Amino acid sequence: MTPDGAFVVVLPVKPPARGKSRLQRGLPDQGRRDLAEAFALDTAAACLASARVRAVLAVTDDAAFASRLGALGCAAIPDGDGSGLNAALRQGVAEAVRRWPDAQPVALLADLPALRPGDLDAALDALVPGGPSYVADADGTGTVLYTAPHDQFDPAFGEGSARAHEVGGALAVRGDLASLRRDVDDVEDLVTALAIGVGPETLRRVAELDLPTG
């Protein structure tokens, strides 16, 4: 078992005004923005409640939303690179290593509104020490979590990222981990997450939109 506080989560967060564009296919634009914000807040709160996580570092260019994340207990830095998710993660990890040099960085998507701290702890406990690991999404093709010692940290998020991480030498974390694997890109994903059970911010926004809650 990994010791408590052995990891720092690097959480890339698009400004809610630009996040979760595929939700627009079934929701009004303001509803999409509100849900993107709620997903990130609930994901961050679950990470902060994890026994294995020492800190959460959000990488976002939305200063106002960074303040909301800060109120939860996250640290935050701007995405100074702007050239994509993997670049933002590398920048975040460089800062995480500077602030918490003895904690291993964990890249985690910010669209996991059903995330339970116990599933995150279980995934981090299942890592093989000394190398990269990843958690595939519920479909098995994407990645929701990638971690490695900072000197081996080489994320490959994007289309087919689970395979890309495997080819790059990362080991897949096994187990159900249903709440961790359920990222939300569209309304169908959201309905599935609601059946698992989402955090309070997402639940509040869903109620405002009159969507089914399970």
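The model is predicted, so local features need pLDDT of at least 70 and side-chain atom pairs count only at pLDDT 80 or more, while totals for chains, interfaces and linings use all residues. Residues are numbered from 1 along each chain as its sequence is written, and side-chain values use heavy atoms, with hydrogens and water left out.

## The sheet

Let's start with the strands. Helices (H or I, at least four residues) and strands (E, at least two) are DSSP runs, numbered from the N terminus. Two strands pair if DSSP finds at least two bridges between them. Seven strands form an open sheet with mixed pairing, in the order S3-S2-S1-S4-S6-S5-S7. Its edge strands are S3 (75-77) and S7, each of which pairs on one side only.

| Strands | Sense | Bridges | A bridge pair |
|---|---|---|---|
| S1 (residues 7-12) and S4 | parallel | four | valine 10 and alanine 107 |
| S4 and S6 (residues 143-147) | antiparallel | three | valine 106 and threonine 147 |
| S5 (residues 133-136) and S6 | antiparallel | four | alanine 136 and threonine 143 |

How much of strand S4 is buried? Buried means under 20% relative accessible area, exposed over 50%, and partly exposed in between, with a 1.4 Å probe and protein chains only. Four of the five residues of S4 (residues 104-108) are buried, so this strand is largely enclosed by the rest of the structure.

## Helix H7

Helix H7 covers residues 187-196, and its buried residues are Val187, Asp189, Leu190, Ala193 and Leu194. Seen down the helix axis, they fall within an arc of 150°, so they line one face of H7; the arc is that of the directions from the helix axis to the C-beta atoms. Glu188 and Ala195, on the other side of H7, are exposed. Among the elements covering the buried residues are helix H1 (29-48) and helix H8 (200-209), where contact means heavy atoms within 4.5 Å.

Both ends of H7 have something to show. After H7 comes glycine 197, whose phi is positive, near 115°.

## Side-chain and backbone details

Another positive phi, of about 45°, belongs to leucine 177, although this residue is not a glycine. Most residues other than glycine have a negative phi. Leucine 177 sits in the loop between strand S7 (171-172) and helix H6 (178-181), and counts as buried at 8% relative accessibility.

The structure holds one aromatic pair. Tyrosine 146 and phenylalanine 153 form it, edge-to-face, at 5.2 Å centre to centre and 65° between the planes. Rings of Phe, Tyr and Trp (its six-membered ring) pair if their centres lie within 6.5 Å; planes under 30 degrees apart count as stacked, over 60 as edge-to-face and the rest as tilted. Both tyrosine 146 and phenylalanine 153 are buried.

A disulfide is a pair of cysteine sulfur atoms within 2.5 Å, and the structure holds zero of them. Cysteine 47 is buried at 0% relative accessibility, and cysteine 74 is buried at 9%.
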